[in-house]
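Here is a short briefing to keep beside the viewer. Take a look at the model first, and then we can walk through it by topic.

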Amino acid sequence: MFVWSVGRQLKRVPKGKKQTLQCGNCKQEASFYESTVDESFKAYMVLDLWKRSKRVMQCGECLGVCDYYSLYPEEKQAEEEAARKAEVERKQREQEEMQKRQDTEAKERARQQEESRKKYEANKARKDQEIDDELAQMKKKLGK
Ligand SMILES: [Zn+2]
């Protein structure tokens, strides 16, 4: 049994599992209590803050913790299955987000191109008009 110590982000699960075990850390027969450890992390490229809780069992004597699933391996498979599903869904969502972002960027690029084309044409039309006006004035002068 691997026992490590954690900081204050550990929370005892109310009415959680309790089991008497020999602690791998303090070597005492101690009651272990189901607890969770929060891990926060930022998802890549997305500003959502995900919060993940890790299930542990905490030694009532030395407060060291060990992995919950090392004590209850039968629960591991079901949760791994759920986690896999969640991961697939997360990836799918991420892909959709990326697709959406790419679409938006493409649209924005097209819009900018269209805008500069319009600007160019408006500019050209204005210059043409100026030349026309100048020519008209010259003709007027020459015509007397
Ligand atoms: Zn202990």
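Predicted model: local features only at pLDDT ≥ 70, side-chain atom pairs only at ≥ 80, totals over all residues.

Four donors count as tetrahedral if all angles lie between 85 and 135 degrees.

**Confidence**

- Helix α2 (residues 73–143) has the highest mean pLDDT among the elements, 93, while strand β1 (residues 3–4) has the lowest, 64.
- Some care is in order over residues 42–48, where pLDDT stays under 50; the model has 5 contacts beyond four places in sequence for this stretch.

**The zinc site**

- Which atoms hold the zinc ion? Its protein donors are the SG atoms of Cys23, Cys26, Cys59 and Cys62, lying 2.3 Å from the ion.
- The angles subtended by the 4 donor atoms run from 104 to 115 degrees, so the arrangement is tetrahedral.
- For reference, the ideal angle for four tetrahedral donors is 109.5 degrees.
- Along the chain, the donors follow the spacing C-x2-C-x32-C-x2-C.
- Cys26 sits in the loop between β3 (18–22) and β4 (29–42), and Cys62 in the loop between β5 (49–59) and β6 (65–67), so this pair ties together parts that are 36 residues apart in sequence.

**The nonpolar core**

- The largest nonpolar core has 11 residues in all: Leu21, Cys23, Ala30, Phe32, Met57, Cys59, Cys66, Tyr68, Tyr69, Leu71 and Tyr72.
- Two or more residues of this core come from each of β4, β5 and α1.
- Helix α1 gives the largest share, 3 residues.
- Cys23 and Cys59 belong to this core and are also among the zinc donors.

**Tyr68 and its surroundings**

- Tyr68 is found in helix α1 (residues 68–71) and is buried, with a relative accessible area of 0%.
- Leaving aside neighbours within four places in sequence, Tyr68 is in contact with Lys17, Glu34, Arg55, Val56, Met57 and Glu75.
- Met57, one of those contacts, is 11 residues from Tyr68 in sequence and 5.2 Å away in space, C-alpha to C-alpha.

**Aromatic pairs**

- How many aromatic pairs does a search of the whole structure find? There are 2.
- The rings of Tyr68 and Tyr69 have centres 5.2 Å apart and planes at 80 degrees, so they form an edge-to-face pair.
- Tyr68 and Tyr72 make a tilted pair, with 4.9 Å from centre to centre and 40 degrees between the planes.

Definitions and conventions. Residues numbered from 1 in each chain as written. Heavy atoms only, no water. pLDDT = per-residue confidence, 0-100. Helix = DSSP H or I, 4+ residues; strand = E, 2+ residues; numbered from the N terminus. Contact = heavy atoms within 4.5 Å. Buried < 20%, exposed > 50% of the residue type's maximum accessible area, 1.4 Å probe, protein only. Donors = N, O, S within 2.8 Å, 3.2 Å for Na, K, Ca; no water. Tetrahedral: all angles 85-135°; square planar, octahedral: opposite > 155°, others 65-115°. Core = buried A, V, L, I, M, F, W, Y, C linked by side-chain atoms within 4.5 Å. Phe/Tyr/Trp six-rings, centres within 6.5 Å; stacked < 30°, edge-to-face > 60°.
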